[in-house]
Amino acid sequence: MSTFNELAKVLALEQNIGYTNKSAVGGIETYVANWANRTRTPENQDLVAQIVGCFENYSQAEPPQRKIMIERALALARQAPAPPPQANPRAKTAPRAPQHAPAPPAVADQIESELPPDKPLARLDYDLDSPVTRLNGVGPAKKNPFERLGIVSVRDLMYHFPRAYRPLKSISELMFGDDATIIGQVTHLNHYTTRNGYHIVDVVLMDLTGGITVKFFKQPWIAKQFHLRQHYVVSGKVDRDLNKLSFKSPEFEPLTKELQRLLETARVYPVYPLTEGIKAALLRKLERQVVGYWADQVPDPLTPSIRQNAHLMTLPNALREIHFPNSLQSMNAARQRLAFEELLYIQLGVLLQRQRWQNEPGKALDIAPNFMERFARGLPYALTGAQQRAIGEIFHDLQRPIPMSRLLQGDVGAGKTVVAAAALLAAIVNGSQTVLMAPTEILAEQHYNTIQKILPTLASEFGITPRVGKLIGSLRAREKQEMAQRIAAGEIDLAIGTHALIQESVSFANLTLAVIDEQHRFGVNQRSALRQKGFNPHILIMSATPIPRTLALTVYGDLDLSILDELPPGRTPIKTKWLEPKERERAYSFIHKQVGEGRQAFVICPLVEESEVIDAKAAVEEYENLRTHIFPDLRVGLVHGKMRPAVKDAAMEAFRTGELDILVATSVIEVGIDVPNATVMLIEGADRFGLAQLHQFRGRVGRGAHQSFCMLLAEKSGSTSDERLQVIEGTQDGFKLAEADLLLRGPGEFFGTKQAGLPDLKVAQLTDVKLLEQARRAAETIFAQDPKLQAPEHQLLKKGVNLFWRAGGDLA
């Protein structure tokens, strides 16, 4: 490729990213100056000088002026004479020294013509929606392995992006532990079997700076894939063998002209997610073939105005650059473009979902002006200002003939249950049925017990006695059937339960309000299923774990947001201390002291793994150890997830009434239990839990008049866990902790294995707040102009949204 063509590609990239001066390292002016030094000859010096002159003060110019400069330079570049014919490719010439750093010594010009072209791996009698098995080199035998990678169609293959990029280095630059790529010529090839039958293949590769051995074990067939004097690309982690650097079983493929061009341009080698049965070399060749042919033919769903406002490159350029980048800057620009598109699809999807739900008529409730005042009279304490504000926002929604969709967020102990009780009671007073759904049986049981205690007193102000029922999975079949019949007959005003409430066998006579607790254990589809249970019921979602606002607007963009940012008066901050394993006895002594003063304590067992059976076993062992060896003089109880509900409730009630001094528990007590006399929380294996969960545990104490304490007992030290424990030791603010937790663990762990019902994201990160906000603004602008995406210029966008959300059916 001539240097004038190279210049044209960089300038075209600058156009695509909105004239941001980021298409080359150091900016366009620096790039053009370096380009001129490499390109200038007596024959073209005048033309080169004119091109350099186009970019005077480019960095200070505004985008419109930069646009003119780029167009003028491109016009001049087209005037460059064609490169002279190549000399005899077989002629032996001395190796030419690299003119600049990007030229790898191993691929000097004299070998270029000796390289074979990429073999065509794909017929062109297919389209992007054709099965991937239509490609040559795939075949039916590889259908299942490709499906494991999520690749069914040719389009899926093009959207199977690299997970990383290994830098291209010369052999002399390699260091032990590097993740790197080299290009070398085979100078020695040896394969042999050791005395114990261990087959080894040794390949020595050389470039102009040195040599390195590549070893393969128990793969004798590899020897037939290397040939003396041929050039190969080798990529992997640099190891050591007898104090010499080596590669051990790396990825490799023969060097072709096309591959050489890509590597010389980008200086990086894409590393793709693989699975058994799919070799890296095959996948890369298929990607080069498909991306090379189809990228330019993929229509761009983002209109020019969207791209311009967000300073994004076109989709064809983004697809090429993310697979085979021209530079690190262009690769980052491609990732930003593709991430923006995913986030825009999320935002448009939740806005369309919200519109779809709200286009259906809902039941407006009649709520008296003095309802909140009468409700508050039945409480033993005053509502906080935040609680009053949230109840007011909910009542405003309930009085409209549009189904409410609201997320109620609050820190631990902020009083979300009371706010929900106000909404439930308002609906019951209107003669409607209501439901309170929790993600776990123990939380549903706790809600049932709490509501049974507070609702009769609150309802007495309005002269009614609500009928409350419980429907959970562990009930006997006959009990479930009887409760379902009573719900269907309208004999239950408030049904409390788990997922059992959204099963097809359960129907409601007059469901008007549904309250869902612990939202990020419920996905969009489950919320939709609940809506099918009634006349488009109002939905209030409570999140016990604070979620950063920007993230809440993304994941729950179909919901309005109410925030309880004020704790009830009289709450004393909980003193939190991070302890090393050697300080365990100190923690036990402190618990003894507190119990001696009349207080109670929780001991949380470490999270062994995501299995209630194993966690329960660990809890039983810890309970026996504490009861018999550590605290033989104290009353110790046990609660874990595999206990029968009646046994579990009895243990919790004994602790609540003071019959137990210490309650050993697994994470089942993360939310819900309220024991004002409990002042100590000891969390064993604290480094195994996330910040949000640690904050939830801590919130089980500090609910009475006495000073409370939380001790975090770590099992071992580690950079992330240490940082996490330092954060929670230093702050009581659940929203700040949520921000930190999201950054430390990422959205996948923050929300669990599935991000709250969202489609999988290939490129976007929910931690990229700036891009999230940019995508949300763009979605709101589009939605304000074309809420149903019916405009001709939005048809590709509409198709993209529906493909992205295809698991839940078309949204637009």
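Visitor: What should I know about the model first?
Guide: It is predicted, so local features need pLDDT of at least 70, side-chain atom pairs count only at pLDDT 80 or more, and totals for chains, interfaces and linings use all residues. Residues are numbered from 1 along each chain as its sequence is written, and side-chain values use heavy atoms, with hydrogens and water left out.

Visitor: How many salt bridges are there?
Guide: The count is 33. A salt bridge here is a side-chain nitrogen of Lys or Arg within 4 Å of a carboxyl oxygen of Asp or Glu.

Visitor: Which residue does Lys 169 pair with?
Guide: Asp 178, with the closest N and O atoms 3.0 Å apart.

Visitor: Is Asp 178 buried or exposed?
Guide: Buried, at 16% relative accessibility. Buried means under 20% relative accessible area, exposed over 50%, and partly exposed in between (1.4 Å probe, protein chains only). Lys 169 is partly exposed, at 24%.

Visitor: What about Asp 241 and Lys 215?
Guide: Their side chains form a salt bridge, 3.7 Å from N to O. Asp 241 lies in strand S5 (residues 231–241) and Lys 215 in strand S4 (residues 210–217), so the pair ties together parts 26 residues apart in sequence. Strands (E, at least two residues) are DSSP runs, numbered from the N terminus.

Visitor: And how accessible are those two?
Guide: Asp 241 is partly exposed at 26%, while Lys 215 is buried at 10%.

Visitor: New topic. Which residues are linked in a network of salt bridges?
Guide: Arg 166, Asp 179, Glu 251, Glu 253, Arg 284 and Arg 288.

Definitions and conventions: Helices (H or I, at least four residues) and strands (E, at least two) are DSSP runs, numbered from the N terminus.
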